[in-house]
Amino acid sequence: MNETEPGASRKPAQCCSDTTSVTISDFSDEILLNILRYIPSHDLVTNVSRVCRKLRTLCLDKSLTAHIHLHKEYTATDEAVKHLLKELSSDIQTLNVSGCYWLAGSTLDQVTRCKSMVQLDLSGCRVTPARLSRLLSSLQCLRSLALDVGPGFDLQQLSAEGKAALARLHELKQTLLTPSYGVVPCCSALRSLRLYLEASEGWQEAGGCAQLMVGQSSVPHYQNLRWFSARLAPGEVNRTLLALYLAVFSMRVPEGLTGLVLFVPGLAPPRPVAVTALTESMASSSGSKVHALQLPRTWLDGAVLGRVLAHGCPAYLNLSRCSAPGFNPLHVLLAAGQDLSPLRGLNLRGCGRGSLPETCSKGEEEMDAESVKALTESCPHLTHLNLSATHYHHNAPAGQDGHLCGALGRLAHLRSLALPVCALAQRPPAAAHVTDSRTHLSSESLLLGLKKNRRIGVPTYQPEVAVGQGGEREEAATSCVRSLLKGCLHLVELELIGASFLSAMPRNEPAIRKDPAACPWACQVGDSQLAALGNLKFLRKLTLAHLPGVLKGTGLLQLVQGCKDLQVLSLANLGSLKTVNYTQALMEALKHCTQLRELRLEQPYFNANAAFFEALSSCRRLRRLCLVSRHGTFLPTAVVNFMQSCAEVIMCHMFMGGTLVACKTLQKTMLDSLCTSRPALSVVVYPLLHEDLGRVIREMPLCHLDEITLFKSRVAEEPTML
């Protein structure tokens, strides 16, 4: 008898044969569907649907089958994905396989079954022009596409049906791994174009970019374009490629552009004429409102920002490192006379009111604290805020009146926040030498030469006046943290990054061999402040970088004990850099990180021994691990044992000390033993100071490189809320 035949007698579905008081039939379909949404799509089809009839029916519900999301589903094998596409081919409308670099081309061919697909994301997958033609020819309803364009891509190899499908696209996200226009010349109806320029300087194609200028004059004029964004990897080739894309706008400017997001690392070239035309068009468009804006430092000034703000405040504004003598973006924003309540994401990284006094490193920005405080009153719905790479030194009298943290505590809707470490300091650092009239030493004193110089970056020991005052001082030191937490208890992501911090692992340059000095104010932030952060019960992502005030790491242990759902943890340069004093506390803390998915640890002279990896094995849900340590050491057998015991780890990137032979041997051992059972496995073990590190980095999967291996501030980095 057919299971769904009308009139058939049914019994309550049970998941097990033993008698229990609660069965699946006791829950409503709505509750079960909400539970099933947290299960990967390929598991629903291949496993859960086989449990019982009721679950099979629910697993095939259109609310679960219309939108398939396989990004970061590292256990999705080729067989499982093929079975998924075969079973749900008639229901799938959107499919996201971005970052699934391990899937074979034959698996991607099964996408042609999904005739009703409207949105397809193939970022990070290997797609040849021939395979792309087959996909586009079969997906007549496709309106949104994301893909990578690699070496050897030839637009002329696309079929006529494929080019016709591209002409119907409304959204295109294109990652260029080589100088190319990709499929853009065929996309004449685009409303949204997002570019990621990742071409490396290693390309030896003579005049490659010059050929683009004269070889493809059919680039459309984007008369329907509403959104244009481009994020560049470092390199002159990417800057040249962006200039070629922007040149199209100098011929015809789209009307009604609402989003312009351009990220150019390093020193940007002079502002193109096309950018001026674009911003003028955004400001003059009647009836349209700008939703997002980001421009490089040399392309944004008070006149451009003022014209855009004249038609309303965007939902996302990235002013990272845009301040300059005579131009303070915050002053322009506050003086625009507009309602700032629509603002949801604001990036002010490195955007201050000018250089600090000579007490800190040259060229570092001082936070415009008064403007930030005024901003918190004008933007009550701010959700993502980045204030890193600036210095905040609180010099107001004792108490919380006037402290930056007190103002930030008023942002009840804040979910992600990036701050400089010194912003949590309650009092100025103690002077290196305190003059006492009773023990004054003149310049002629024989004892003057016996005085020890203060070491930069290491907190000076300050004896307590009385034992009973220790608790009072600790409470005073954490008062600013408590004022922040009072109103921002629902923070999901927090970054505390030293204003002068530089990762030892840049993208295209050799590894940094000398760490910059820490801000003296940051030395006042240590274990007590970290312990207070344990009250963030909803915290999922935490970054701590360049905290010289951390001594034994006891605060880190208390922090993870309070934040039980922590999933992403990034630690860099805590405490003394030559003597890692918090290792024992770190190992104890890892035993409490039962929900941890990703760990990035950057610390000079770190010893990744058997005890460390044994503690790390307690993180049973860990998926990605990255260790960066100049002059660090590791025990190969401990690494192998850890990888074998933690079955969900699919990424292990280690850049430490050791010889090249030892690193390659360990890498080969792990790949040979685990690649069969873990198709998504990515293992890279390489000496951090080796001259060929840049080449090794370019060969990594881009999703791992950008999301965890390379250190960067990620709060309000992109307009994800739109």
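Biologist: Where is A389 placed?

Modeller: A389 sits in the loop between β13 (384–386) and β14 (390–391). Helices (H or I, at least four residues) and strands (E, at least two) are DSSP runs, numbered from the N terminus. The model is predicted: local features need pLDDT of at least 70, side-chain atom pairs count only at pLDDT 80 or more, and totals for chains, interfaces and linings use all residues. Residues are numbered from 1 along each chain as its sequence is written, and side-chain values use heavy atoms, with hydrogens and water left out.

Biologist: Why is A389 called buried?

Modeller: Buried means under 20% relative accessible area, exposed over 50%, partly exposed in between (1.4 Å probe, protein chains only). A389 has 10%, so it is buried. A389 also has a positive phi of about 65 degrees, although it is not a glycine.

Biologist: What makes H546 buried?

Modeller: Its relative accessible area is 6%, so H546 counts as buried. H546 is found in strand β17 (residues 541–547). H546 has a positive phi of about 65 degrees, and it is not a glycine.

Biologist: Why is A374 called partly exposed?

Modeller: A374 has 29% relative accessibility, so it counts as partly exposed. A374 lies in helix α14 (residues 369–378).

Biologist: How do you know what span is expected of helix α10?

Modeller: The expected span is 1.5 Å times one less than the number of residues. Helix α10 (residues 236–247) has 12 residues, and 16 Å is expected. From first C-alpha to last, α10 reaches 17 Å, close to that value. Its buried residues include V237, N238 and L241.

Biologist: What makes a nonpolar core?

Modeller: It is a set of buried Ala, Val, Leu, Ile, Met, Phe, Trp, Tyr and Cys residues joined through side-chain atoms within 4.5 Å. The largest one has 200 residues, and V183, F612, F613 and L616 touch the most other members. Another core, of 11 residues, lies apart from it, with C52 and L55 among them.
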